[in-house]
Amino acid sequence: MSSTDLTALETELAAGIAAAGTLDDLDRVRVAALGKKGRIPELMQTLGKMAPDERKNFGQAVNTVKARITDAIEARKAVLEEAALEARLATERADITLPVRPGPESEGRIHPVSQVMDELAEIFADMGFSVAEGPDIETDDYNFTKLNIPPEHPSRQDHDTFYFSPNEKGERMVLRTHTSPVQIRTMLNQKPPIRIIAPGRVYRCDSDQTHTPMFHQIEALVIDETTHMGHLKWTLEEMCKAFFEVDEVKMRFRSSYFPFTEPSAEIDIAADAIGKPGKWLEIGGCGMVHPKVLENCGIDPTRYQGYAFGMGIDRMAMLKYGLTDLRAFFNADMRWLKHYGFSLLDVPTLAGGLSS
Ligand code: DAH
């Protein structure tokens, strides 16, 4: 090979190096030039057949070209690596001036019913109550009989009960018509002193502007040796003040009848606090637990007594948050929820405010 050919080869290889657009391209060029079977080693092999003089000169010339090509590849490699890094940095750049995208924690809402349940749980937890639960599908016995509402008792009619078909033993399960069966479950499983609340869903076959077939109640039960009506009144008053977040709530206990309490009363609150002066609103029923109910649960009524109450949670949510149509609660309308729902991150606490 002549020195002119060698110059042509160098020019060709240099052009290949300059044209390599990526590190992969460049590597292919390197292998073709300097690899085992590459153009330069190929030339080296021809040296053996040359006369010693010629070999020396040509060998030096090839080595010089080899060195320049190696340098050129290194230089190109540095350029390409730099460009690759720039490109990666450009794609991985975070624009910190962009506004934060709303995620589930800011888009989602807590339903007013859940909010009120959380608020009440917080209030009662502060008074030493724990939260008890029972199933929505309840036995007739717990929903009625053990609560001193035997079969054929007239008050069963008031409940517009959803009944299941009778099982093989002829027993009918019901969708619980109130949270009061949780009283029974608690007394059967726990020894006094007892202090529980039980929020949950209840069902009655009833539907109009102020009634839905499913709604929510919160039950409370306190059983101890010296518990009396005064404790019941105080507890309800404290609850109302804390719940409505006011210093004073006027309450009225209206004599009433429930088979599972004696005496029994209906609880009214003065609506002044919520902007309806002169009006009373019924929020639930209460009374001293009937001795027969204690007996039905294996608790000695000569030693223990206690009080119970049950309130409508949906009603309380409507009063506190100025919601007028109960049916809207269960329409799953996102616009309504967005407007009336609560932020996920604002957990109600007595210290930090229940509904801040
Ligand atoms: N369970 C009753 C209802 O749904 C409400 C009630 C009244 C609950 C008096 C009680 C109570 O615990 O003592 O109509």
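I began with the outward side of helix α1, where the face turned away from the buried side carries the exposed residues Thr 4, Thr 11, Ala 18 and Ala 19. I keep in mind throughout that this is a predicted model.

I then looked up the extent of the helix: α1 covers residues 3–19, which makes 17 residues, and from its first C-alpha to its last it reaches 24 Å, close to the 24 Å expected at 1.5 Å a residue.

Next I asked which residues of α1 are buried. I found Leu 6, Leu 9, Glu 10, Leu 13 and Ile 17 on that list. They lie on the same side of α1, because the arc they cover around the axis is only 100°.

I turned to the domains, and the domain assignment of the protein gives domain 1 as 3–91 and domain 2 as 109–340. The C-alpha centres of domain 1 and domain 2 lie 88 Å apart.

I went on to strand β8, residues 280–289, and noted that it is mostly covered, with eight of its 10 residues buried. How many bridges join strand β7 to β8? I noted eight, with β7 (residues 261–270) and β8 running antiparallel, and in this pairing Glu 266 stands opposite Gly 285 in β8. Strand β9 (residues 305–312) is also antiparallel to β8 and is joined to it by five bridges, and here I found Cys 286 opposite Phe 309 in β9.

Phe 309 came up again when I looked at the largest nonpolar core, which has 42 residues; Leu 120, Met 239, Ile 269, Phe 309 and Met 311 are those with the most contacts inside it. Two or more residues of this core come from each of α6 (112–126), β5 (214–224), α9 (229–244), β7, β8, β9 and α11 (313–321). Apart from this core lies another, of 21 residues, which includes Phe 144, Ile 149, Ile 184 and Val 289.

Last, I followed Met 239 and asked which residues it touches, not counting those up to four places away in sequence. I wrote down Leu 120, Ile 123, Phe 124, Met 127, Ile 283, Met 311 and Met 316.

Conventions:
Residues are numbered from 1 along each chain as its sequence is written. This is a predicted model: local features need pLDDT of at least 70, side-chain atom pairs count only at pLDDT 80 or more; totals for chains, interfaces and linings use all residues. Side-chain values use heavy atoms; hydrogens and water are left out. Helices (H or I, at least four residues) and strands (E, at least two) are DSSP runs, numbered from the N terminus. The expected span of a helix is 1.5 Å times one less than its number of residues. Buried means under 20% relative accessible area, exposed over 50%, partly exposed in between (1.4 Å probe, protein chains only). The arc is that of the directions from the helix axis to the C-beta atoms. Two strands pair if DSSP finds at least two bridges between them. A nonpolar core is a set of buried Ala, Val, Leu, Ile, Met, Phe, Trp, Tyr and Cys residues joined through side-chain atoms within 4.5 Å. Contact means heavy atoms within 4.5 Å. Domain bounds come from an automatic or database domain assignment.
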